[in-house]
Amino acid sequence: MRLLPVVVTVSLTVALAYYVYIPLPDAIQEPWKLMMLDAGFRTTMHLASLKSWLGFDHYITSIRRSSDGFEGMMKGLSSSEPGAGGVMPGVKVSDITFAGVPVRVYEPPAGGEGHLRRGLMFFHGGGWAFGSAKKGSYDTINQMLSDELNTVVVSVEYRLYPEVHFPVPYLDCLAAAKHFLSPEVRARYAVDPERVAVAGDSAGGNLAAAVAQEISTDDTMSVKFSVQALIYPVLQALDFNTPSYLQNQNIPILYRHLMVRFWLQYLGADLSLQSQLLANNHSSLHLPNITPELRARLDWTVLLPPKHKKNYRPLIVEKGSQGAGKEMPGLLDVRASPLLAGPEVLAKCPRAYILTCEYDVLRDDGLMYARRLQDAGVTVTHEHYDDGFHGCFTFITWPMEFDVGKRALRGYLNWLQNNL
């Protein structure tokens, strides 16, 4: 009988290790920390899905509550972290609305009253379903940026799925951007009209790119964004078989099937279409609305450098599902997929900073957009992290602190310091 506790303990330990362990590339530093982070995320997802199946709550709502509880616990354990327990000295934080859209405004201690300052509008990531302008690393990062770069930062609390879907998040961001760029608001915050940026990570990078395109081509706007900073942006939903989608389909924390789910949610489509999108059946050759010209705008066989194409082959479906395309009317809308914009639009876009990570399904989206912007005559700074993974930019505080995240954040801040 004495052996029973030992057997149970060993069995549970083995089961836990099996659940946590994921084979990761050697280049990823601190692999066990990433595995533990991913295990926590997967557990939260599984429990939320179970609660939803039992009829208690929508799984997105459950995940948000779990995330809020975890963040509250971490604040208590790391109250000395900048932004974790309060506001950085001198940075004024205000929760207000811009054109009816909730925003958090960070005003730096220096400048103002006769001294024009930089301005930056930020859109957070989270698959258009999670995240907040007011919480976690986003709050910390924007406080740092405001303080170090003497910048007025406006972080937008756009509406999320399941409450809304495309184009509502985009329209929220566009309305807030136009408000920020208006003469009255710029004067109120003493923002230099020649030094205003738009930035975002992941789904926020998608929104930043789309808003930058719209503002750039809007002749009614007297002031436009000077630069755009896109952190591993998601930019297209036609090809889920690019080299990076295949290479990194099982790399935490953004799995290939999860990114497809995010797209289906954002476009208001039936989640049962996931297998169709994974097989590229929604973008087959027999669909007349997807023209050769449109396909060329995301042809990774032309747009990617050889080191990233490797030995992968494009998955081109001759005849797929017409139904999938009909259920997603926003599929070809450039406001949802900025990579599909024509060269005449890209040529008007502001100078760009694009950050990509080697171990990220979205790597090739960013690489192709950088190439297309350059081909259109836009100056692009592309920063690639060979040891980076999706989400690392926000993993900068204990206990989710990664060296690559701190380096990525510093590269972003340094570029803005020198280019905005």
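This is a predicted model: local features need pLDDT of at least 70, side-chain atom pairs count only at pLDDT 80 or more; totals for chains, interfaces and linings use all residues.
Contact, in this talk, means heavy atoms within 4.5 Å.

Residues are numbered from 1 along each chain as its sequence is written, and side-chain values use heavy atoms, with hydrogens and water left out.

Let me begin with the sheet. Helices (H or I, at least four residues) and strands (E, at least two) are DSSP runs, numbered from the N terminus. Two strands are said to pair if DSSP finds at least two bridges between them. In general, strands of a sheet pair through backbone hydrogen bonds, either parallel or antiparallel.

Here, eight strands make up an open sheet of mixed pairing, in the order 1-2-4-3-5-6-7-8. Which strands stand at the edges? They are strand 1 (92-98) and strand 8 (380-389); each has a single partner strand, so one side of each is left without a neighbour in the sheet. On average, neighbouring strands of this sheet are turned by 20° against each other, direction ignored. For angles, axes are lines fitted to C-alpha atoms, for helices over the stretch in contact, and the values run from 0 to 180 degrees between N-to-C directions.

Next, please look at strand 3. Strand 3 (residues 117-123) pairs with strand 5 (residues 191-201) in the parallel sense, over six bridges. Within that pairing, F123 stands opposite G200 of strand 5. Strand 3 also runs parallel to strand 4, and six bridges join these two; there, G119 faces V152 of strand 4. Is strand 3 mostly covered or mostly exposed? Buried means under 20% relative accessible area, exposed means over 50%, and partly exposed lies in between (1.4 Å probe, protein chains only). Strand 3 is mostly covered, with seven of its seven residues buried.

Helix 7 (residues 203-216) touches strand 3, strand 5 and strand 6 (227-231), and its direction makes about 140° with that of strand 5. Helix 16 (residues 363-375) lies across strand 6, strand 7 (351-359) and strand 8, and runs at about 150° to strand 7.

I turn now to the annotated residues. UniProt, in an unreviewed entry, places the feature "active site" at S202, D360 and H390. UniProt positions are given in the numbering used here, feature names are shortened, and such annotations may be inferred rather than shown by experiment. Why may we say that the three residues gather at one spot? They span 189 residues in sequence, yet no two of their C-alpha atoms are more than 10.5 Å apart, so they gather at one spot.

S202 sits in the loop between strand 5 and helix 7. At 8% relative accessibility, S202 counts as buried. Not counting residues up to four places away in sequence, S202 touches G125, I231, Y232, P233, V234, L362 and H390.

D360 belongs to the loop between strand 7 and helix 16, and with 1% relative accessibility D360 is also buried. Leaving aside neighbours within four places in sequence, D360 is in contact with Y232, S244, N248, L254 and H390.

My next topic is a pair of helices. The axes of helix 4 (residues 136-149) and helix 17 (residues 403-419) come within 11 Å and cross at roughly 35°. Which residues make the contact? Helix 4 contributes I141, M144, L145, E148 and L149, and helix 17 contributes L409, R410, Y412, L413, L416 and Q417. By class, this contact of helix 4 with helix 17 has eight nonpolar, one polar and two charged residues. In that count, Ala, Val, Leu, Ile, Met, Phe, Trp, Tyr, Cys and Pro are nonpolar, Asp, Glu, Lys and Arg are charged, and the others, Gly among them, are polar.

Finally, some details of the backbone. A cis peptide bond joins F166 and P167, with omega about 10°; P167 is in the loop between strand 4 (151-156) and helix 5 (168-181). Another cis peptide bond joins P252 and I253, with omega about 0°; I253 lies in the loop between helix 8 (243-247) and helix 9 (256-266).

W128, a residue other than glycine, has a positive phi near 60°. W128 lies in the loop between strand 3 and helix 4, and is buried, with a relative accessible area of 1%. Thank you for your attention.
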